[in-house]
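Here are my notes on the model you sent. Please read them with the structure open beside you.

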Amino acid sequence: MKKPAPRETILSLFSQTPNGFVSGAQISTELGISRTAVWKHIRNLRQAGYNIEAIPSRGYQLIQSPDILMPEAIQAGLECRVIGSRVCCLDATDSTNLQACRFGDDGEAEGLVVVADQQSSGKGRMGRRWESPAEVNLYASILLRPAILPFDAPQLTFLSAVAVCRAIMSSTGLQARVKWPNDVLLNGRKVAGLLNEMSAETDRVNYVVLGIGVNLNMRKDQFPEALRYPATSLAIAKGHPVSRLDFTRSLLQEIDALYQAFLEQGSEPVFEAWQQLCDMTGKAVRVDCNDLLIEGVMAGLADDGALLVRTATGKMERVYAGDVRPA
Ligand code: BT5
């Protein structure tokens, strides 16, 4: 594993001390650098927006971190085994999914996270657009290389959905819900969308990219009028902004834990968690599958992640792609 950057080590030291103080001597020993070099790193952190006070004979104290997404801040003290082994933060990009696929094609190891402050061509499913205004939300893509069959890769969408719900709960206390196949809802409004992309051969996955867009601090006036489904953000639901940095860290930790469970135990624990977060089971639904409309009662998930819908004739339909609405 690559050695952490000095900035990352310093932020990690701050996150480990209960009273928030870290002495210059401690930093200098940890990094093997002079006290003058320590002071220069602290100055650079201040310039990047970190409010750090120097208190004589006690050391440095981190008063406040800026809400910017930087690799060092995301990685400092992150409790992950795989996810976040490398983090790439971009001011702007076409699509973080496209970026992560480029890294995947270049042989980048799994665990890479690409985040961007804004996307000019944020992607939804089936060529749709994901609204990605600057500096308010999270647009992230995670590169994975699981030893699974291409057929099983769609199961990972459920993993992202559960992770997003858990991160929303831990950062805001709000209980989000999932909607098949790739939505996360808050009070019945879409707060996050997921788009997985894959590179594979017939019987082998080269990589999977988990694309995750979460509306964190998006304001009402930033949503276009014509959306397929009513939408919201965490800030609208809470009435105050949420920390993009804290949310991102929490999300990556949730994904890491679920991914380990997926690799060790298969999709069952993920599917079970997803079904508990789904309100539509047992309810009447209408599924729009392009040229086909299926109406019936949502019966749950099949082993492969297909949506099971029991129609009025008693037939159990398996749906692999489509948009679900309450009937
Ligand atoms: C999705 O597609 O919900 C998948 C969205 C995935 C976005 C992430 S951001 C990071 C990564 N990089 C990418 O380029 N993409 C991923 P779908 O189910 O097809 O929903 C798309 C529809 O949701 C659009 O047609 C709009 O109606 C609506 N929509 C667009 N932007 C939205 C937003 N920010 N919040 C809520 N709804 C939105």
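1. Start with helix α5. It lies across β4, β5, β6 (138-144), β9 (189-201) and β10, and runs at about 155 degrees to β10. Contact means heavy atoms within 4.5 Å. Axes are lines fitted to C-alpha atoms, for helices over the stretch in contact, and angles run from 0 to 180 degrees between N-to-C directions. Helices (H or I, at least four residues) and strands (E, at least two) are DSSP runs, numbered from the N terminus. Helix α6 also packs on the sheet, where it touches β7, β8, β9 and β10. The direction of α6 makes about 145 degrees with that of β9.

2. A word on sources. This is a predicted model: local features need pLDDT of at least 70, side-chain atom pairs count only at pLDDT 80 or more, and totals for chains, interfaces and linings use all residues. Residues are numbered from 1 along each chain as its sequence is written, and side-chain values use heavy atoms, with hydrogens and water left out.

3. Now the sheet itself. Its seven strands are ordered β4-β5-β6-β10-β9-β8-β7; the sheet is open and the pairing mixed. Two strands pair if DSSP finds at least two bridges between them. Which strands stand at the edges? They are β4 and β7; each has a single partner strand, so one side of each is left without a neighbour in the sheet. On average, neighbouring strands are turned by 20 degrees against each other, direction ignored.

4. Look at both ends of this sheet. Strands β4 (residues 87-93) and β5 (residues 113-119) pair in the parallel sense, over six bridges. V87 has V113 of β5 as its bridge partner. Between β4 and β5 the chain passes through helix α5 (residues 96-105), and this β-α-β crossover is right-handed (with the strands pointing away from the viewer, the path from the first strand over the helix to the second runs clockwise). Strands β7 and β8 run antiparallel and are joined by three bridges. There, V178 has V184 of β8 as its bridge partner.

5. Strand β13 (residues 307-310) runs antiparallel to β14, with four bridges between them. V309 stands opposite E317 in β14.

6. How do α6 (residues 155-172) and α9 (residues 268-276) meet? Their axes come within 9 Å and cross at roughly 55 degrees. The two helices are therefore oblique to each other (angles under 35 degrees count as roughly parallel, over 145 as roughly antiparallel, 65 to 115 as roughly perpendicular and the rest as oblique). Residues in the contact include F158 and L159 of α6 and F271 and W274 of α9.

7. Two backbone details deserve a look. Most residues other than glycine have a negative phi, and most peptide bonds are trans. S57, in the loop between β2 (51-55) and β3 (59-64), has a positive phi near 65 degrees. The peptide bond from W180 to P181 is cis, with omega near -5 degrees. P181 is in the loop between β7 (177-179) and β8 (183-186).
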